[in-house]
Amino acid sequence: MKTLLKNCKYIVTQNSKRQILENQDVLINGNKIEKIGKNLKADETIDCSQNIVMPGLINLHTHIGMQLLRGIADDMHLKDWLNKKILPAESKLTPDKIYVASTMAIQEMLRTGTTCFNDQYISMNKVADAVKEIGIRAFLSRGLVDIDGKNPTEKRLKETDELANHIKQLKSSRISFAVGPHAPYTCSKNLLIKSQKLAKKYNVLNHIHIAETRKELADSLKNYGKRPVEYLESIGFLDKKVIAAHCCWITKGEIKTLAKRGVSVAHCPRSNMKLASGGIMPLKELQEAGVNVGLGTDSAVSNNNLDMFEEMHTCALVQKHNYWDATVAPAQTVFDMATINGAKALRINAGSIEKGKLADLVLLDANHFLLQPLEKNRIISHLVYSANGSCVQKVLVDGKQII
Ligand SMILES: [Zn+2]
């Protein structure tokens, strides 16, 4: 079926010239964009004369199964937060609760303009079921931890295989399987190496947390005599399929390694600040080295919402603040991080509005008060510095309108 986004007030294309088009149509055929132009025809038409049409935002790092834990613990030291509140609450999360949490989080993401997310958690079969039912796009991995001795390595790896099978059975091109070793400090060397082999075997992404806190860095130096990225490099873990969340505490040498191996980084500024990670991901140096950097919200317990507009806003501010330089993280760069860079990391044909791309699109209310005064050369500024999820009016994923 063909759907037409008719007479779009503005189209933020994110094409190579970063063009913003006025009063044009977007023709969708099946799940892809077929054409952009004027006076196009289709079976079904959506009037977009009062909309800004933009690519759906891509949340490159989250744990949506934690949605039910939102608000149970804030303003605490990381260790107490984790050990006294989060882990005990997590132990009571049944698969059915994870399913409910997932439906809540997916609705929240869609309503705030996110059309694709990269997730790592427990009971991922249930997350996959919710994704299938509601219609968002997702990359799902079973979070793997074995260093505490409670979780046998082989059992976790088997669960990863089971998730791969479950996702295969769902037969949806919107749902992809990934491998998810939690972090170098929660996984044994054996588990990290086996995870990497598994990702290679399935030819899928390998989603991990790296260098989130200063304690992680200190422990890594103490236990392995190496910083986190150096350690992962020494065991042959890093390659272009790795998506590394956080990377707050890394050196220029580690940045070189990430660039050499083609690792993508998921910047999660609000989570890092809320948990007082201290270090701020060095965006300038990562980009100068050619590392692909996207944006993620992390979970609703460390954020506490999944609104990627707010994440963009915070990213721009914290990066400027960190470098004492207001020219760092300009709006277009940050908008790229939340769209095309996310798509590049996940290796999907999305993140921009161009012929042949996936029709994952967000229609903003052009009359929303946060988008005024509205004129073409202010749109990217508005999207990063002023808008939030309440500006979202309609959302299409895979060519289908679901909000
Ligand atoms: Zn995380």
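A crossing of two helices is called left-handed if the near helix is turned anticlockwise from the far one by less than a right angle, and right-handed if clockwise. By that rule, α11 passes α12 in a right-handed crossing. The structure here is a predicted model, in which local features need pLDDT of at least 70 and side-chain atom pairs count only at pLDDT 80 or more, while totals for chains, interfaces and linings use all residues. Residues are numbered from 1 along each chain as its sequence is written, and side-chain values use heavy atoms, with hydrogens and water left out.

Back to that pair of helices. Helices (H or I, at least four residues) and strands (E, at least two) are DSSP runs, numbered from the N terminus. Helix α12 covers residues 331–346, and α11 packs against α12 at an angle of about 140°, with axes 9 Å apart. Axes here are lines fitted to C-alpha atoms, for helices over the stretch in contact, and angles run from 0 to 180 degrees between N-to-C directions. Angles under 35 degrees count as roughly parallel, over 145 as roughly antiparallel, 65 to 115 as roughly perpendicular and the rest as oblique. α11 and α12 are therefore oblique to each other. On the α11 side, the contact (heavy atoms within 4.5 Å) is made by Met 308, Met 312, Cys 315 and Ala 316, and on the α12 side by Val 334, Phe 335, Met 337 and Ala 338. Sorted by class, that contact has eight nonpolar residues, no polar ones and no charged ones. For this sorting, Ala, Val, Leu, Ile, Met, Phe, Trp, Tyr, Cys and Pro count as nonpolar, Asp, Glu, Lys and Arg as charged, and the others, Gly among them, as polar.

Met 312 sits in helix α11, which spans residues 308–323. With 0% relative accessibility, Met 312 counts as buried; buried means under 20% relative accessible area, exposed over 50%, and partly exposed in between (1.4 Å probe, protein chains only). Leaving out residues up to four places away in sequence, Met 312 touches Leu 57, Leu 295, Val 334, Phe 335, Ala 338, Leu 383 and Val 384.

The crossing of α3 past α4 is right-handed. Here Met 124, Asn 125, Ala 128, Asp 129 and Lys 132 of α3 meet Leu 163, His 166, Ile 167 and Leu 170 of α4. The residues of this contact divide into five nonpolar, two polar and two charged.

Next come the charged pairs. Side chains of opposite charge can pair when their charged atoms come close. A salt bridge is a side-chain nitrogen of Lys or Arg within 4 Å of a carboxyl oxygen of Asp or Glu, and the structure holds 21 salt bridges. One of them joins Asp 25 and Lys 6, whose closest N and O atoms are 3.3 Å apart. Asp 25 lies in strand β2 (residues 20–29) and Lys 6 in strand β1 (residues 2–12), so the pair ties together parts that are 19 residues apart in sequence. Asp 25 is buried at 3% relative accessibility, whereas Lys 6 is partly exposed at 26%.

Another salt bridge links Lys 274 to Asp 74, with the closest N and O atoms 2.8 Å apart. Lys 274 is in helix α9 (residues 269–274) and Asp 74 is in the loop between β6 (57–62) and α1 (78–90), so this pair ties together parts that are 200 residues apart in sequence. Lys 274 is partly exposed, with a relative accessible area of 30%, and Asp 74 is partly exposed too, at 27%. Elsewhere, Arg 137, Asp 360 and Asp 398 are linked in a network of salt bridges.

The peptide bond from Asn 303 to Asn 304 is cis, with omega near 10°, and Asn 304 is found in the loop between β14 (293–295) and α11. That loop also holds Asp 298, which has a positive phi of about 60° although it is not a glycine. Asp 298 counts as buried, at 5% relative accessibility. A cis peptide bond also joins Gln 372 and Pro 373, with omega about -10°.
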